[in-house]
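Q: Hi! I'm new to this one, could you walk me through it?
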Amino acid sequence: MALSSSGGGRTTLTDINITPLVDVMLVLLIVFMVTAPLIQQGVAVDLPETRAKAIDAEEQKLVLSVKLDRSLWLGAGDDAVRIPADRLEEVLRANARVQKEKELFLMADKALPYGVVVDVMATVQRAGITGVGMITNPPGGKPRRADGAR
Amino acid sequence: MRFARLTAACLALTLALATATAAAASADRPRVVVDAPDFHPLPIAVASFLAGGDARAAAEVAGVVRADLARCGLFEVLDPRSFLADPGEGLAAASIKFSRWADVGADGLVKARVSKGPGGFSADLRILDVRAGREVLALTLPATEARDLGHRIADEVVRHYTGEPGIFRTRIAAIRRTRDGRELVVFDADGQNARVLLSEKALLLMPAWHPRGGELLVTSYRSGIPELWRYRFSDKSFRRVNTGHASMGGSWSPDGSRIAFTAIDGNGTDVWTCNPDGRGARRLTTSSALDLSPSWSPDGKKLVFVSDRAGTPQLYVMNADGSQQRRITFQGSYNQTPQWSPRGDLIAFTARDERRVFDVFTISVDGGRIQRLTQDQGRTNEEPSWAPNGRMLAFTSDRSGTPQLLVADPGGDRQTVIASGAELMTPAWGPFPAD
C-alpha cells in the first residue's frame, strides 16, 4: 500500500512543479539619501540640505562628485580626480572597489539641473552599480568645505 | 559537485597587514600563507611603470608583470583603466596619493622605473602597502630583456607576499604536432618565446626535465621502437639512452642520479629505474599487468605509477626500490598520468569519467582527498605537470578545438590558455632557473 504513483493508484502530490511562476528581471538602481555632516570629504560642491537619515560613520564608499560646472570627480577631497564624462562608465566598470561594494556616494551641486544628475546616475547604473547614496547636508549645516561654491 | 571550488577555498593566502620596510623585521611583512580556509586573491595595482628612456619597454614590462601576477591565481590584478593616480606619480611613498589607490580597491601597489642601459634594462622596483601608506620593498633588478625583467619583478612580488619563489622565469616543454611529424618545443612559463628544439618525422613523446634544467629526456621512435633519448641544451645533442628495452616515459629522480621509466616487454609493461646513461637497470614491478608512467616523490624515496593489476588503470605508490606497492585511487575506472607535486603533498593525474571525458584531478598522497581542476571544459583535459613551486599546473585541453596548453592554480579557479595553434601534448614544467 505504498504511496505509489504508478499502476492507477492515487497519485501523491509530493512533487510540486517548481517551474518559476515569475521570471522577471528587475534592474533597479537603489537610491538612498544620506546626510554627511563630517565623514565624507568630496570636492567643492554646494550640497542640498535635507532631513535624511544620517549614514553610519563606518561606511565609506567611493565618492563621485558633480560640480556646478558639470565636471565629474572621483575620490575624496584634494585627491579627487576629474573624469571626462565619456570615460565615467569605463572607469567605474574597471574599478574593483566599486564593483565589489556595488554602491557609491554621489555628491551633486544643488543648483544642477535634475536632468544632469539623472544622466550621471544612469551612467553609474550602466556601469553595474546598484546603489547610489545621495549625499546631502543636514538642515542648517555648513557647506562641505570652506571654499565651497557659495 | 565541483571539487575545484572546495580546493579554492582551501588553497589560501592570509594577509597579515602589518608591514615594515624591506630592511626591517620580516615577521612584520604582509604574508601570503598557504592553505588557509579564507583565501581571497590579494587586490594589487601595478601602476604604469615610469620610463627612463624607453617608454615602450616600460609599458611592456608592466604588462608582463600584470599578466604574470594574474595568471598565478594569488592576486586580483586591478584594471589599469580604473586607475585614478597621475600616470607620472613618483616612486617615493611621500609623493604617492594613497587614497587614489585605495579608491580603486588596491591593497598592494607595485611601482617601478624602468631604465635602459648599455647592458640591457634595470628596474627600480617598489612595493607599497596602500592601507598603511608606506613602502614595504625597494629593490633594483637587472635584466637583458624587457620580458625577463617583467618576470623578475613578478617573482619578487610573489616572494614578498608568499615567502616562496615565483615561477615566472621557468620554462615549459611540450610536444607539438606538425603536418608531417612532431616537434619538441620549449615555451616561457607564460607561453611566449616558443623555441623548437627538435623537429622529427618519427613519434616524439613525453618530455621530462633534468632537475637542474640542462637536459630533457624524451621518448622517441627514431630507431623504430620507443626509446629514451636525451636532449642537451648546451650543445643541442640528442642521444639515445640504452636501457636494454623498448622504453618510454622517462622521469629523472630529483637528485638526477636515476631515471624511472616504463619498459615494454612481450605482453606487458613494467616500471624500471636505471642510471642516466642507461646502465644499472633495475625492475621495480613484476606483475603481469600493465605498470607504467612513474613519477618521483620530491625526496626521491617513492614513486607513483599506474597499474591495471586490479582490472582498471589506477594510481599506486611504491618505494624507490619497488617495495610496499599500494593502491591510492579507488574512485573512477581510468586514472592515469600521475605527477607528484614538488611540494610533496599532492599527486596530479588525469581521470576518465563515465561519459568518457578526461579531466585533471589532484589527490593527496595518502589517497584521502581528491580534488577536481577541470569539469565541462571540453572533452579532454589531461597530462598535468607541476610548476617547480607546486602552486601551479600546466596541462592540455581541447576546450577550444585543437588541444592547447593551459596553466592553472591547483584549485582550477584561474585557468589561462598560454599557447595554442598546432596541437600541443604532454607538457613538462621545468625547474627553477639557475641564476
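A: Happy to. Residues are numbered from 1 along each chain as its sequence is written, and chains are lettered from A and ligands numbered from 1 in the order in which they are written.

Q: Ok, what does chain A average in pLDDT?
A: Chain A averages 75, with 64% of the residues scoring at least 70.

Q: Where in chain A is pLDDT under 50?
A: One such stretch is residues 1-9 of chain A, which has four contacts beyond four places in sequence; a contact means that the C-beta atoms of two residues, placed from the backbone, lie within 7 Å. Where pLDDT is low, the predicted coordinates should not be read in detail.

Q: And what's the mean for chain B?
A: Chain B has a mean pLDDT of 90, and 91% of its residues reach 70 or more. Over residues 1-29 of chain B the pLDDT is below 50, yet the model gives this stretch 69 contacts beyond near neighbours in sequence.

Q: How many residues of chain B touch chain A?
A: 13 residues of chain B are in contact with 13 residues of chain A. On the chain B side there are four nonpolar, three polar and six charged residues. Here Ala, Val, Leu, Ile, Met, Phe, Trp, Tyr, Cys and Pro count as nonpolar, Asp, Glu, Lys and Arg as charged, and the others, Gly among them, as polar.

Q: New topic: is helix α4 of chain B buried or exposed?
A: 16 of the 17 residues of α4(B) are buried, so the helix is largely enclosed by the rest of the structure. Buried means 20 or more other C-beta atoms within 10 Å of a residue's own, exposed means 12 or fewer, and partly exposed is in between, with C-beta atoms placed from the backbone. Helices (H or I, at least four residues) and strands (E, at least two) are DSSP runs, numbered from the N terminus.

Q: What follows α4(B)?
A: B:Gly163, with a positive phi near 75°.

Q: Which strands make up the open sheet in chain B?
A: The order is β18-β19-β20-β21, with antiparallel pairing; strands pair if DSSP finds at least two bridges between them. β18 and β21 of chain B stand at the edges with a single partner strand each, so one side of each lacks a neighbour in the sheet.

How values were computed. This is a predicted model: local features need pLDDT of at least 70, side-chain atom pairs count only at pLDDT 80 or more; totals for chains, interfaces and linings use all residues. pLDDT is the predictor's confidence in each residue, from 0 to 100.
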